[in-house]
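I opened my notebook for a new structure today. Here is what I looked up, entry by entry.

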Amino acid sequence: MTTGTIDTAGLDGGHHTLTSEQLEDLDTRVRGRLLRPGDQGWNEAVSIWNGMAARLPALVLQPTSAHDVAAAVGFARDNGLLLSAKGGGHNIAGTSIAEGGLTLDMSRMREVAVDPEAKLVHVGPGCLLGEVDQATQQHGLATVLGFVSETGVAGLTLGGGWGYLTRRFGFTVDNLAEVQVVTADGQLRTANRDRHPELFWALRGGGGNFGVVTRFTFRLHQVGPMITGGLIVWSGDRTAEVLAAYRELTEQAPRELTAAVIVRLAPPAPFLPQAWHGKPIAGIQVCHSGTNADADLAPVRALGDPIVDLVGPKPYVAVQSMLNAMEPKWLHRYWKTWFLPGLSSEFLDAFRSSALQVTSPLSQSIIFHLAGALNDREGDDGAVGNRDAHYIGGFAGTWPPGAPADPHVAWARDGWARTRPFSTGGTYINFLLAEDDTARTADAYGTNYQRLQQVKATYDPDNLFRVNRNIPPAGIESGG
């Protein structure tokens with residue numbers, strides 16, 4: 001029995017009081033758990049990755065089925081409640097939590113079903129990337145997912161998604177075959193290129209604006225289970241050399257090779273000699289899923305004298321999870337990023353100068369190579385757009401809770417401002433911050449933005465799904 005009233009945030013910006021009868025009504029409609037603050041499991045249900053964006057809902061429902069999701073969407077709509085959905089809680093802006101509202105914690109919907117003959121995998125919305133990789137790699141198969149395996153599949157995918165396999169197979173959404181989604185009217189729809197094609201188009205990069213996805217179906221590719229990957233690290237005083245070698249490497253790399261360059265202060269990681277901890281370093285992280293890895297990595301190995309060289313044969317799942325230890329929950333994070341058309345000398349100089357002025361031993365500056373399959377498609381093939389991107393780069397300010405934010409925020413903003421003239425003008429929607437406005441969201445989608453507004457007007461005309469990088473329906477000026 002659910003007793004007592006509870007105050008919740010409303011879609012109208014005010015507060016609504018839910019009676020015990022209303023709460024009991026919701027509780028009887030679903031099989032999943034309805035949680036209030038203080039209930040067992042509450043803290044885990046509301047915890048998110050970026051401590052800087054932490055906020056609390058009034059209620060959490062943990063659905064176990066699409067039926068539960070549909071009931072919750074209907075309840076939120078009928079009662080005018082602020083609503084959100086949490087997959088892995090990894091979004092930097094904290095968009096998985098409806099502050100003072102109702103949050104759907106999808107962590108009980110984590111089924112993964114691999115069809116190796118059809119080369120498809122069906123994935124629940126609460127799954128983390130590592131769970132999918134573990135299941136598909138049992139068959140020597142993989143789809144395009146990110147590179148921190150504790151990230152949620154749902155948020156990554158709905159924002160477009162990219163990772164080590166993007167150069168071979170495109171954005172994550174280029175490998176999305178179908179979704180099941182509960183839309184604002186409470187209906188469960190199957191969307192693909194033939195059924196509800198405009199909705200499917202919008203879900204391929206348009207974020208959580210169009211409904212709550214209850215199942216993703218991805219195409220799979222032959223990858224692994226053993227590949228060549230790992231990290232090579234040099235002293236920070238060789239950053240200019242490392243960046244030049246990285247440019248040479250990536251400009252001639254086959255699509256089976258993806259590399260990222262990282263400039264930071266050396267973390268106290270067991271794979272780095274203790275004498276280097278806290279000192280500037282430049283590293284190149286590689287994932288080579290083809291053959292002839294040694295020949296392809298020659299421009300990097302030619303630098304010589306690394307602090308460590310950890311590149312070698314590894315299980316694909318090990319490479320996918322190598323960065324997990326560097327990305328724990330509750331640290332405070334502030335990122336500024338952009339897509340890049342290439343790596344000019346002027347850009348690399350500005351990037352290096354800013355990166356080496358880092359203010360926190362937890363922060364890092366990154367360039368990640370993307371060019372390849374994503375560029376083969378038209379700019380309107382999925383809402384994700386940004387088909388002119390060859391790299392993504394930026395400054396990831398990170399610091400512990402309680403430390404002053406200002407120096408780290410200023411460092412990230414300064415680096416971004418200095419390097420922004422070299423960008424495509426586009427940006428990755430999943431890396432936008434809570435402070436970024438609708439104009440930045442529009443910039444992320446470019447010419448696809450107005451079409452997204454039209455789809456929003458069709459499937460969510462009252463903007464029920466607004467706790468996200470909001471795209472207001474066509475004809476409405478703001479997300480409110």
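I began with the loops: lysine 119 sits in the loop between β7 (112-115) and β8 (120-123). I keep in mind that this is a predicted model. I looked up the backbone angle there and found that lysine 119 has a positive phi of about 55°, although this residue is not a glycine. I then turned to the loop between β13 (221-222) and β14 (226-235), where I found proline 225. The peptide bond that joins glycine 224 to proline 225 is cis, and its omega is near 5°. I noted both spots because most residues other than glycine have a negative phi, and most peptide bonds are trans.

**Helices α1 and α3**

Next I asked myself how α1 and α3 lie to each other. Helix α1 covers residues 20-29 and helix α3 covers residues 66-79; their axes come within 9 Å and cross at roughly 160°. An angle over 145 degrees counts as roughly antiparallel, so that is what α1 and α3 are to each other. I also wrote down that the crossing of α1 past α3 is right-handed. On the α1 side I listed Gln22, Asp25, Leu26 and Arg29, and these meet His67, Asp68, Ala71, Ala72, Phe75 and Asn79 of α3. Sorting the residues of this contact by class, I got four nonpolar, three polar and three charged.

**Helices α12 and α13**

From α12, the contact uses Phe347, Ala350, Phe351, Ser353, Ser354 and Ala355, while α13 brings Trp411, Asp414, Gly415, Arg418 and Thr419. By class I have five nonpolar, four polar and two charged residues in the contact of α12 with α13.

**Empty space inside**

Last, I went looking for cavities. Rolling a probe the size of a water molecule over the atoms shows where empty space is left. How many cavities of 30 Å³ or more are there? The count I have is two. I looked into the second largest cavity, which holds about 50 Å³ of space. Its lining includes Gly159, Phe171, Gly205, Phe339, Val384 and Asn386. Thr427, Tyr428, Ile429, Ala444 and Tyr445 also line the second largest cavity. By class, I noted seven nonpolar and four polar residues in this lining, and no charged ones.

Notes: Residues numbered from 1 in each chain as written. Predicted model: local features only at pLDDT ≥ 70, side-chain atom pairs only at ≥ 80, totals over all residues. Heavy atoms only, no water. 1 Å grid on protein atoms, 1.4 Å probe; cavity = no way out; pocket = protein on both sides within 12 Å on 5 of 7 lines; lining within 4 Å. Points joined across faces, edges and corners; volume = space filled by probe spheres on them. Nonpolar A, V, L, I, M, F, W, Y, C, P; charged D, E, K, R; others polar. Contact = heavy atoms within 4.5 Å. Helix = DSSP H or I, 4+ residues; strand = E, 2+ residues; numbered from the N terminus. Axes fitted to C-alpha atoms, helices over the stretch in contact; angles between N-to-C directions. Parallel < 35°, antiparallel > 145°, perpendicular 65-115°, else oblique. Left-handed = near helix turned anticlockwise from the far one by under 90°.
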